[in-house]
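Please take a look at the picture first, and then we can walk through a few places together.

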Amino acid sequence: MLSNPAFFPAGLAAQGARRTPFPDGGAWPCARAGAVLTIDLGAVASNYRQVAQRASGALCAAVVKADAYGLGAAQVAPALEQAGARQFFVAHVDEGLALRPHVSAACGITVLHGPRPDAVAECLEHGLRPVLNSLEQIGWVRDVARRRGQVVDVALQLDTGMSRFGLAEAELRQVAQDPSALEGLSLTLIMSHLACADTPADPANAMQAARLRAYAAMLPPAPLSLAASSGVFLGSDYHFDLVRPGAALYGVAPNTTGPNPLRQVVRLQGHVLQTRALGKGDRVGYGLTWQAPGPCRVATLSVGYADGFARQGAETGCVWFRGVRLPILGRISMDSMTVDISALPEGQLEADGMVDLLNESYGVDAVGTAEGTIGYEVLTSLGRRYHRVYTASPAP
Ligand SMILES: *Cc1c(COP(=O)(O)O)cnc(C)c1O
């Protein structure tokens, strides 16, 4: 994990992707990996500022679960803190413990799933705020708070329609009517989650917001939170007191109704291992599913499904070289894929060259569409064996 710009392979691509000897005589560190994943922390920071600005009446937290959606919470969280984030959300207690050393002590860390019974003490000892999602979980944390003679800050989740996490209405009434239910617990956030926020016209959005208001009125007053990334873009009726964006920070489009206002954060450059010329009728890959309709040239890339490029992306997927689209041919293998390079002048892309699998104009959402999934899944599937480079481009 190198952040020294001297290691940055941008020059490589710009020069037509020939390997250059490293100053000490060794190979570029990226030459040892199949592909180079460049993560632009400047774009993450600028996306955070943009989202915070859109929700300017509310506090803007940052969701860094799943290792910051696969991009590396140890690098991403400090960049977000520098951009102004003071509240971080993770899914598991483990993730909260791992994040703690990477943000300052003044930053809050909230655990969306809350603790299981055996992890409550550890959760509280490390100052992680649990989200309490069920009556059982309220009981577990209340018991530990009582035993420790401590008042514990908690967030409470209410189910407003998604049937995934949080108290159902009947359970909420039970809590609201029992003065001892929240004994020893200080309610510092009441939250819920939108099921259809990426579809602004869906009536479920307004219904969930109305339910959150109505439900919260049954509880002691506390700040409210409903919106994740897409919810922020629904407008101020959805912002309440705190917004919880994740995906938008990493460049995923908040909805499909307009152009993506966010900056792309990742670039993925894969190495060409070899090229070859094919004649009419030659076939490509496992199952020999693709057959050349005529003479063509192909390249084998050292990125495959074990690196997070789903096999189902093969039919409509592509990679790019200097703005030229290179379609994926046949099935994607575990460690490689084959692409058609006939659109390039002969000699322009050869063994040891690099192509873009993700870049500024072909981002995680585009790859998600090709793979029949969403940008979120492409992002969180990005392989662990890429050579990772962190850069910080300046604000635009
Ligand atoms: C993952 C998650 C978020 C962040 O969602 P994005 O769509 O990535 O912004 C916010 N709140 C909850 C409860 C989540 O599970």
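Let us begin at the ligand, where one of its oxygen atoms is 2.8 Å from a polar backbone atom of Ala247. That makes a polar contact, a pair of N or O atoms within 3.5 Å (within protein, one must be able to donate a hydrogen and the other to accept it, and residues adjacent in sequence count only if both atoms are side-chain atoms).

| Residue | Part of the residue | Distance to an oxygen atom of the ligand |
|---|---|---|
| Ala247 | polar backbone atom | 2.8 Å |
| Gly246 | backbone N or O atom | 2.7 Å |
| Tyr376 | side-chain N or O atom | 2.5 Å |

On its own, the ligand exposes 390 Å², and the protein buries 90% of that; such areas come from the Shrake-Rupley method with a 1.4 Å probe. In total, 14 residues surround the ligand, and the closest are Lys65, Tyr69, Ser229, Gly246 and Tyr376; a residue is counted here if one of its heavy atoms lies within 4 Å of the molecule.

A word on the model itself: it is predicted, so local features need pLDDT of at least 70 and side-chain atom pairs count only at pLDDT 80 or more, while totals for chains, interfaces and linings use all residues. Residues are numbered from 1 along each chain as its sequence is written, and side-chain values use heavy atoms, with hydrogens and water left out.

Next comes Ser302, in the loop between β14 (296-301) and β15 (318-321). Strands (E, at least two residues) and helices (H or I, at least four) are DSSP runs numbered from the N terminus. Is Ser302 buried or exposed? With a relative accessible area of 13%, Ser302 is buried, as the cut-off is under 20% (1.4 Å probe, protein chains only). The side chain of Ser302 reaches the backbone oxygen of Gly34 at 2.8 Å. Beyond four places in sequence, Ser302 is in contact (heavy atoms within 4.5 Å) with Gly34, His271, Leu273, Asp307 and Asp335.

Leu128 belongs to strand β6 (residues 128-132) and is buried at 3% relative accessibility. Apart from residues up to four places away in sequence, Leu128 touches Val93, Gly96, Leu97, Ile109, Val111 and Cys123.

Our last stop is Gln137, in helix α7 (residues 135-148). Gln137 is buried too, with a relative accessible area of 5%. Setting aside residues up to four places away, Gln137 touches His113, Gly114, Pro115, Val131 and Leu132.

Methods. Buried means under 20% relative accessible area, exposed over 50%, partly exposed in between (1.4 Å probe, protein chains only).
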